[in-house]
Amino acid sequence: MTSETITADAAGTWTLGDLTVNRIGFGAMRLTGSAAFHFGTPSDRQRSIAVLRRAIELGVNHIDTAAFYFSSLRSANEIINSALSPYPDGLVIAAKVGPFRDYTGEWGTSARPEDLRGHVEENLRQLGRDHLDLVYLRRMRQDSIAEHFGALAELRGKGLIRHLGISDVEPRHLAEAQAIAPVVSVQNRFGLDSRNRVTDEMVRICGEQGIAFVPFFAIAGDAGAEGATTAHDEAVLAVARAHDATPAQVRLAWTLAQGPHVLAIPGTGNPDHLAENIAAGALRLTDDELDLLNSLHQKAG
């Protein structure tokens, strides 16, 4: 594939509430270093800024971030603010709240409902905005999300949040949230070699209800926050060779092929990888290739 000239609209669009985005977006987690959080070395700040600006040039209009995306010297939100403010019209910035890291980078106690306004306001402060387009409540093992989601719904009513989403959830949590306020997006871990039957069911339910499904770690696989996987099944490599593509592009193409409501938010601090990720939105897998890759997913643990 020729990556340099393919733009994000090649993947098609989806509407989050009243906000239309290209299905290939950008995840900000890896802007801060060689791996997420405190797993790697800090990034080159100017390179990260250049990656973000290039993403906008290539048509990305959906950025996923969080105040807890930081390394020892870098903050994803600060880099986004520095690179893109004043923000272009049509750019949708989504943030997650719930998890908490202290100033040393260590994970602290998850937010209680009354803490969530502070989490939202911290994202607003770092991004230099007066509202957030989309806020996900990241479930932190609690059985019920009603009280936490209700707190975010109140902030939506006050104009601090435009739309609401939920993350790391089961179908019962979606129903619980929908009884309180509209849910425009669900974000769970999901990928070609990462199978969870509950999440597979969430993909289906979201499609039936017209809700966006936005997987994280779609490329990373088992490596998760520590970086993209290099363990590729031979079937993935064969499909990649057939399309003159990379295995990461095949993984993204498979993800997008799971339904028009499925979005992708691959993250990188590398400008070449950025172009490759966006170009994956133009990769069309054949029915036979999809059957082959779907069978791999079904066998995954």
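Contact here means heavy atoms within 4.5 Å. With that in place, let me go through this structure, which is a predicted model.

Leu 155 sits in helix 4, residues 146–157. Leaving out residues up to four places away in sequence, Leu 155 touches Leu 116, Arg 117, Val 120, Leu 160 and Ile 161. Is Leu 155 buried or exposed? Its relative accessible area is 5%, and the cut-off for buried is under 20%, so Leu 155 counts as buried. One distance to go with that: from the C-alpha atom of Leu 155 to that of Val 184 is 16 Å, and the two residues are 29 apart along the chain.

Now the charged side chains. In general, side chains of opposite charge can pair when their charged atoms come close. How many salt bridges does a search of the whole structure find? The count is 16. I'll go through some of them.

Take Asp 18 and Arg 162. They form a salt bridge, with 3.1 Å between the closest N and O atoms. Asp 18 is in the loop between strand 1 (13–16) and strand 2 (19–22), while Arg 162 is in strand 7, residues 161–167, so this pair ties together parts that are 144 residues apart in sequence. As for accessibility, Asp 18 is partly exposed at 48%, and Arg 162 is also partly exposed, at 36%.

Next, Arg 45 and Glu 78. Their side chains meet in a salt bridge at 2.6 Å, N to O. Here the link is between two helices: Arg 45 belongs to helix 1, residues 45–57, and Glu 78 to helix 2, residues 76–84. The two residues are 33 apart, and the pair links distant parts of the chain. Arg 45 has a relative accessibility of 26%, which means partly exposed. For Glu 78 the value is 29%, again partly exposed.

Then there is Arg 112 with Glu 114. The closest N and O atoms in this salt bridge are 2.9 Å apart. Which class does Glu 114 fall into? Its relative accessible area is 54%, and exposed means over 50%, so Glu 114 is exposed.

The last item is a group of three residues. Asp 143, Glu 170 and Arg 172 are linked in a network of salt bridges.

To recap: Leu 155 is buried in this model, the search gives 16 salt bridges, and one of them joins Asp 18 to Arg 162. That's what I have for today.

Technical notes: Residues are numbered from 1 along each chain as its sequence is written. This is a predicted model: local features need pLDDT of at least 70, side-chain atom pairs count only at pLDDT 80 or more; totals for chains, interfaces and linings use all residues. Side-chain values use heavy atoms; hydrogens and water are left out. A salt bridge is a side-chain nitrogen of Lys or Arg within 4 Å of a carboxyl oxygen of Asp or Glu. Helices (H or I, at least four residues) and strands (E, at least two) are DSSP runs, numbered from the N terminus. Buried means under 20% relative accessible area, exposed over 50%, partly exposed in between (1.4 Å probe, protein chains only).
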